[in-house]
Amino acid sequence: MNTKTTKAIKGITKSPSKATIKGYWSNGRFVKPEEIAAEEVGPPSKTQLKAEADEKQALGEALLTLRADLMARLDLPDKLLQALADAKKITHFEGRRRQMQFIGKLMRPLDAEPIKGAIMEQQSGSAELTLQLHLAEQWRDKLIASDDALGSWLTEHPDTDAQPLRALIRQARKDAKPEKPGEAPRHGKSYREIFQLVKQALGGEPEA
């Protein structure tokens, strides 16, 4: 074998590069790194699409109880608003299920973030109102139970008209006395009026 032939053979068997080529073999074909990247940023999987559809349908359920002012702020499509209105009228289980699927489909192209924000705003407001009602109940019970509580209330809420509140407290105490030993305390009109007065002073709206 001559020198030229030997050099040619060495050229063929010599590794073209010392660097390791990244990738993997699939179905007898080597998949390159750029192809891997293309797969990673490809279209969403069926699992992802199903999760997104379920989320939109759940948001649709929440929209059924959303306040009118928050709903108006979202500026939802008329077709979706009509579908939501129709869903509220459907009582049959299967019919309602199909309607909610339809609502979820209508919501797919919409941005979910504003809808989530409106739902969270309503939930936050409900929690604050519940806390306010509990606080009003506590003050009502303390005012009826102790004279010291009235002084504390007037210190915290100096704008309160003390005279009618004192009259309500006296009447509520009279009403609470059971007619017979062992009977539970009774709650009359004054008891409810103290609650309303306290609730309004705490910032709540009076009941209709």
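Axes are lines fitted to C-alpha atoms, for helices over the stretch in contact, and angles run from 0 to 180 degrees between N-to-C directions. Helices (H or I, at least four residues) and strands (E, at least two) are DSSP runs, numbered from the N terminus. The model is predicted: local features need pLDDT of at least 70, side-chain atom pairs count only at pLDDT 80 or more, and totals for chains, interfaces and linings use all residues. Residues are numbered from 1 along each chain as its sequence is written, and side-chain values use heavy atoms, with hydrogens and water left out.

The protein contains ten helices and two strands. Their order along the sequence is α-β-β-α-α-α-α-α-α-α-α-α. Of the 208 residues, 26% are buried (under 20% relative accessible area; exposed is over 50%, partly exposed in between; 1.4 Å probe, protein chains only). Contact means heavy atoms within 4.5 Å. Among contacts between residues at least 6 apart in sequence, 53% join residues at least 24 apart.

Helix α5 (residues 78-89) packs on helix α6 (residues 93-107) at about 160°, with the axes 10 Å apart. The pair is therefore roughly antiparallel (angles over 145 degrees; under 35 is roughly parallel, 65 to 115 roughly perpendicular, and the rest oblique). The crossing of α5 and α6 is left-handed: the near helix is turned anticlockwise from the far one by less than a right angle, whereas clockwise gives a right-handed crossing. From α5, residues K79, L80, A83, L84, D86 and A87 take part. They meet R96, Q99, M100, F102, I103, L106 and M107 of α6. By class, this contact holds nine nonpolar residues, one polar and three charged. Ala, Val, Leu, Ile, Met, Phe, Trp, Tyr, Cys and Pro count as nonpolar, Asp, Glu, Lys and Arg as charged, and the others, Gly among them, as polar.

W139, K142 and L143 in α7 meet A149, L150, S152, W153 and E156 in α8. Five nonpolar, one polar and two charged residues form this contact.

On the α8 side, the contact uses D147, L150, W153 and L154. A162, L165, R166, I169 and R173 face them from α9. Six of the residues are nonpolar, none polar and three charged.

Two loop residues were also examined. L66 lies between α3 (46-63) and α4 (68-74). L66 counts as buried because its relative accessibility is 9%. Not counting residues up to four places away in sequence, L66 touches M71, L74, A118, I119 and Q122. L66 and A118 are 52 residues apart in sequence, yet 7.9 Å apart in space, C-alpha to C-alpha. D75 sits in the loop between α4 and α5. D75 counts as exposed because its relative accessibility is 66%. Its phi is near 55°, a positive value in a residue other than glycine.
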